[in-house]
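Thanks for making the time this morning.

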Amino acid sequence: MNTLELITKAYYLSGILARGFETISAEQTSDGLDLLNDILAEKSMSTALIPYYTHATFNAVPGQEIYDIPGLMDIRELTFNIDDVRYPMVRDTQKRYFGAGRVDDLQNLPFHYYAERQLGAMRIYLYFIPNEPYEMKITGKYALQQLELFDDIDTILDRFYVSYLKYHLAKRICDFFGNSYPPQLEPTYKGLEAQLDKMVGTDLSITRDSMFRNNYFGYGQANLGRGWTP
């Protein structure tokens with residue numbers, strides 16, 4: 001299925017066009033493509049209904065604190081490697097990373113990080129500032145690809161997600177034209193959305209750490225012991 005076929009089927013589902021009697025116009029096609037790409041872009045707002053995780057790497061640069069990762073919208077895990085050994089990192093809050101007392105220019109093992117959205121990217125701050133070119137490993141979600149009219153969607157997204165987009169686009173088309181969404185479609189649309197939400201899930205576990213617990217690496221150790229506990 002290509003993008004045009006998806007848009008056309010969404011128009012038929014919405015009731016704006018009568019299947020077998022009306023064909024989609026160039027203007028309706030253009031509007032449908034814009035609405036579809038709006039939906040794909042909106043999925044990046046929370047990433048809650050993006051079911052795809054990506055494992056990616058980038059190399060830390062000695063003396064460099066800030067890194068922009070294009071397309072990255074959500075970080076679930078961030079680690080770094082020294083040879084074949086992987087080390088976990090602690091994600092700081094904005095207040096802790098930028099507001100807590102520390103020595104700014106220390107270079108050592110980057111055990112802490114903070115991440116924030118930028119335009120089309122995720123900006124990652126590392127502390128300590130890396131003293132060597134460590135390999136950083138990201139587990140997270142990237143923004144969904146914007147579609148062109150004749151893209152083969154089946155090579156980009158799973159069929160179940162294409163089905164969800166078809167019903168979602170039909171609903172958006174109804175909103176766009178000021179029509180009511182056909183009530184018989186609502187159970188299918190809501191069911192697909194619920195299944196996606198269930199499929200993605202959310203990690204609700206909470207870990208509490210003390211700055212001075214033996215197996216915790218915190219700013220107290222960072223600034224007093226340069227990262228090493230005697």
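Predicted model: local features only at pLDDT ≥ 70, side-chain atom pairs only at ≥ 80, totals over all residues.

**Salt bridges in the model**

Let me begin with R102, which forms a salt bridge with E65, their closest N and O atoms lying 3.4 Å apart, where a salt bridge means a side-chain nitrogen of Lys or Arg within 4 Å of a carboxyl oxygen of Asp or Glu. This pair links distant parts of the chain, 37 residues apart, since R102 sits in the loop between helix 3 (94-99) and strand 6 (107-108) and E65 in the loop between strand 1 (54-59) and strand 2 (66-70); helices (H or I, at least four residues) and strands (E, at least two) are DSSP runs numbered from the N terminus.

E65 is partly exposed at 22% relative accessible area, on a scale where buried means under 20%, exposed over 50% and partly exposed in between, with a 1.4 Å probe and protein chains only. E65 and R102 also belong to a salt-bridge network that includes D104.

Residues are numbered from 1 along each chain as its sequence is written, and side-chain values use heavy atoms, leaving out hydrogens and water.

In total the structure holds 7 salt bridges, and another of them joins the side chains of E42 and R172 at 2.9 Å, N to O. E42 belongs to helix 2 (residues 26-42) and R172 to helix 4 (residues 159-177), so this pair ties together parts that are 130 residues apart in sequence. R172 counts as buried at 19%, whereas E42 is partly exposed at 33%.
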